[in-house]
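Trainee: I would like to go through the terms used for this model. Can we take them one by one?

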Amino acid sequence: MATTFETALKPFPLPAETEDEGYYTYVEEVGFIPRDIFKYVASDPMGDLQRFSTHIVIQHTLFFISFLVLASTGLPIYFSDVFWAPYVISFYGGIDIARLIHKIGAITMVITSMYHLLTIMGGTAIKIFRKEFDLKRTQIPRLKDLYDLIHDIKYFIGLEPYRPKMEKFMYKQKFHYIAVTYGTFVLTAAGSALLFPDIAAKLLPQTIGKILPPSMVGAQSFAAFFQDLARLMHADEAILALIVLAFWHWINVHFVPGRFPLQWAFLTGKITREHQIEEHFLEYLNNLKEIPEEREYMTRLLKEKGLGPLEEKPSKQKKCTLSDFPRIN
Amino acid sequence: MKISNRRIIFWLLWIGISAQLFSVSFAKAADKENCLMCHKYRSNARIDETGKKRNFHVNEKLYNRSVHRNISCRDCHTYITKIPHDPVTQKVNCANQCHIRPPFAQEKFSHKKIIDLYNESAHGVKPDDPQVLKDALPNCKFCHLNPLYTKISEKRVAYKETLARCYNCHPESGVIMAYKHITHRLRKRTSRSSRKIVKLCTKCHGDNVLMKKLNVSKKALRAVDTYNRSVHGKLVRLGSQKAANCINCHASSALHDINKRDNKKATINKDNIMQVCRQCHKNADQMFINIAVHPEAVHSGNPIIKLVSISLGLGMYGSVLALVGLLLLETLGRRKDGARLLLKRGTIWYGKQKSKSPKNK
C-alpha cells in the first residue's frame with residue numbers, strides 16, 4: 001500500500017505540505033481520490049446519491065407539518081395576552097377548534113415518532129441479520145464527532161486545509177437528532193400531563209413514591225410539583241425547538257452556500273455528489289463500494305488525469321493540478 | 001296608460017318597506033301610572049346640592065327591551081306616593097315584591113331569596129364591617145346593569161312550532177316571556193360570556209390600590225394576575241366557553257354564594273374543592289387538588305422549578321447562539337474557500353476562488 005501511494009504522488013508535483021496521509025484516499029478499482037475532488041465533480045441539484053429512505057422522507061414531512069401546526073396553535077395560547085394571539089386563534093376557527101387541532105397535531109407527532117422508532121429498529125434488525133450493520137453509519141455519537149467539530153472549526157478559521165472526513169451523519173446532524181428526540185420526549189410527556197392532569201396526579205405520585213423515599217419528595221406536593229414542571233417544560237421546550245428550527249435548521253439546510261434556495265434532500269431523499277464528498281466523505285467511500293455506476297463515474301473522472309488504478313507507471317513530471325480536471329457528466 | 005316596470009318595482013318596494021316599518025311593534029311598557037309623561041323628556045335633569053349632574057330621563061325604547069319591561073315603575077320605586085313626587089332620597093331595594101306573580105307560584109315575584117344568599121356571602125355588607133369595606137362592596141346594580149340584559153341574538157330551533165303548542169292552554173304573552181327566559185339560560189351557561197365575567201370581577205379584584213386599602217390577603221391580591229397566567233385564564237381570554245371562569249369555581253349554581261376559603265360554605269373550602277374540580281376533571285382526587293389553579297410566576301415558586309427554568313433559559317440562549325455562531329463561521333469559511341450560493345451547471349465551486357487555500361500556495 002505504501003509503495004503504491006508513493007508512485008501515485010509522482011505525476012502530481014504538489015506542495016510539500018499536501019503530502020499528508022489524508023489527502024489521497026485509495027479505493028480499489030477506482031484509484032487515488034484527492035480530498036478536494038468535490039470541487040471538480042458534477043452534481044444534480046435534485047440529488048445524486050441515496051441518503052434517506054422513503055420512510056424517513058414521509059416521517060420528516062409528517063413531523064415538520066405536525067410541529068408547525070402544534071407551534072402555531074400552541075404559541076398563541078401561551079402568549080394569549082399579545083396582540084397577534086386572537087388573530088391566529090380566529091384563523092383556526094376559535095379557541096376550541098384550535099385546541100382540537102393542537103391535540104390532532106400531537107397525536108400525529110406521537111404516531112410519527114412511533115413509526116420512526118419502528119423503522120430504525122426494523123432497519124437495524126435487518127442490517128444485523130444480513131451482517132451489514134455498521135455503527136459508524138448510524139446517528140449514535142462517537143468521540144470522533146468531537147474531533148471533527150474541532151477540525152472543522154480550525155478549517156473555518158483557516159488553520160486546516162480541508163474539512164474532516166465525516167460519516168453519513170456529521171456532528172451537527174447527530175446533535176440535532178438527539179435534540180429532536182429529547183424534545184419530542186419532553187413535549188409528549190409534559191403535554192400528556194397537561195392534557196390529563198387528573199390521571200397524571202393519580203399515577204405519578206404512586207409511581208414516584210415507590211422509587212424515591214417519601215421524605216425526599218413530599219408525596220402531597222408531588223402532583224402539584226410535576227404539573228408546574230410540565231407547564232414550564234412544555235412551553236420552554238417548544239419555544240426552544242421553534243427558535244432552533246427557525247434560526248438554525250432552516251438556514252443551515254437551505255440558505256448556506258451551495259444549498260440555496262432549497263436542498264431537495266428532504267423530498268427526494270437524495271444528496272448531491274459534491275455535498276456527499278465534502279461533508280460525508282467516508283459515506284461516499286461506502287457509496288463507491290455499493291454503487292457500481294458511481295464507481296464507474298469516479299474511475300472515469302480520475303482516469304482523465306491519470307489517477308486511476310495504477311496498471312502502468314505514470315509518466316515523469318506531468319505538470320498539472322486538480323483545477324485542470326474537466327467535469328465529466 | 002301603460003305602467004312602466006320601474007314604477008311597479010318602486011311601489012312594491014314602497015309597500016314592502018312600509019310593511020316592515022309598521023309591523024315592528026314594540027312591546028308596551030307597563031307604564032300604567034304614566035310616569036313617562038315627565039320622564040320621557042331628555043332634558044329632565046338637574047344639578048343637585050352637591051354639584052353633581054343628574055339625569056332622570058327614561059329611554060322608553062331601551063326600557064321596553066329590558067327584562068323589567070313588564071314591571072311598573074312604582075313596583076321598585078315604592079317610596080313614591082304622589083305625583084309630582086318629592087325629591088328621591090332612598091335607593092331601590094331589589095328584594096321588594098313586585099306585582100307580577102309567576103305561573104304556578106302563590107307568592108308575588110321577588111329577588112329576596114338570592115339577595116339573602118348574597119348578603120351572607122363575602123360580598124354582602126355585614127353590620128360590623130369597616131366603612132371602607134362597606135363602600136367598596138358591590139350592590140346588585142354593580143353587576144346587573146341593564147345593558148348586559150339586552151337581547152342576545154341566538155339561533156332558535158323550531159321556536160314557533162314549540163310555542164304554538166303552549167298557546168293551547170296558556171295566554172300568549174306570559175308564555176313568550178317564560179319561554180325566552182328559560183331557553184336562553186338553557187342554551188348558554190350564563191347570559192354573560194366567560195370573558196365578560198372575568199372582566200367584571202377584575203373591575204374590583206384587579207384594582208390593586210383598592211384591594212390594598214381593604215387589607216386582602218397576599219394570595220387574593222395577586223388572584224387576577226395568577227388566574228390570567230393559568231391555562232383557564234388564557235383560554236378564557238381567547239374566548240373559550242369551556243374553560244373555567246371565576247364563578248365556575250368560586251360559586252355554586254346559585255352564583256351569588258361567593259365565600260372566603262376558610263368559610264365552610266365556600267366552594268373553594270378544602271372539603272368542597274374536590275367537587276368543584278370534578279365538574280370538569282372527572283378523575284380529580286386528593287392529589288389533584290394540590291395543583292396550583294392560580295400559578296405563581298416561575299421565579300417565586302418551587303426552587304427546583306426555578307433552577308430548571310434558569311437552566312432551560314441558559315440552554316436555550318447558549319445553544320441557539322452557539323449553533324448560529326457555528327453556522328456563520330461555517331458559511332464564512334466555505335465562502336472563503338470558494339463555495340457559491342447557488343448550484344449552477346452541476347457545481348457550486350465555479351468562478352474564481354476568493355482566496356487561495358493553503359494547498360495551492
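Trainee: What is the handedness of the crossing of helix 2 of chain A and helix 4 of chain A?

Mentor: The crossing of helix 2 of chain A and helix 4 of chain A is left-handed. The term applies if the near helix is turned anticlockwise from the far one by less than a right angle; clockwise would be right-handed. A caution: this is a predicted model, where local features need pLDDT of at least 70, side-chain atom pairs count only at pLDDT 80 or more, and totals for chains, interfaces and linings use all residues. Residues are numbered from 1 along each chain as its sequence is written, while chains are lettered from A and ligands numbered from 1 in the order in which they are written.

Trainee: Why are helix 2 of chain A and helix 4 of chain A called roughly antiparallel?

Mentor: Their axes cross at roughly 155° and come within 8 Å. Axes are lines fitted to C-alpha atoms, for helices over the stretch in contact, with angles from 0 to 180 degrees between N-to-C directions. Under 35 degrees is roughly parallel, over 145 roughly antiparallel, 65 to 115 roughly perpendicular, and the rest oblique. The pair is therefore roughly antiparallel.

Trainee: Which residues make the contact?

Mentor: Contact needs C-beta atoms, placed from the backbone, within 7 Å. Among them are Leu62(A), Phe63(A) and Leu70(A) of helix 2 of chain A, and Ile101(A), Met109(A) and Tyr115(A) of helix 4 of chain A. The residues of this contact divide into 10 nonpolar, 11 polar and no charged.

Trainee: What does Ala201(A) touch?

Mentor: Leaving out residues up to four places away in sequence, Ala201(A) touches Ala223(A), Asp285(B), Met287(B), Phe288(B) and Ile291(B).

Trainee: How many residues does each chain bring to the contact of chain A with chain B?

Mentor: Chain A brings 51 residues and chain B brings 51 residues. Helix 8 of chain A supplies the largest share of chain A's side, 18 residues. That side divides into 31 nonpolar, 10 polar and 10 charged.

Conventions
Helices (H or I, at least four residues) and strands (E, at least two) are DSSP runs, numbered from the N terminus. Two residues are in contact if their C-beta atoms, placed from the backbone, lie within 7 Å. Ala, Val, Leu, Ile, Met, Phe, Trp, Tyr, Cys and Pro count as nonpolar, Asp, Glu, Lys and Arg as charged, and the others, Gly among them, as polar.
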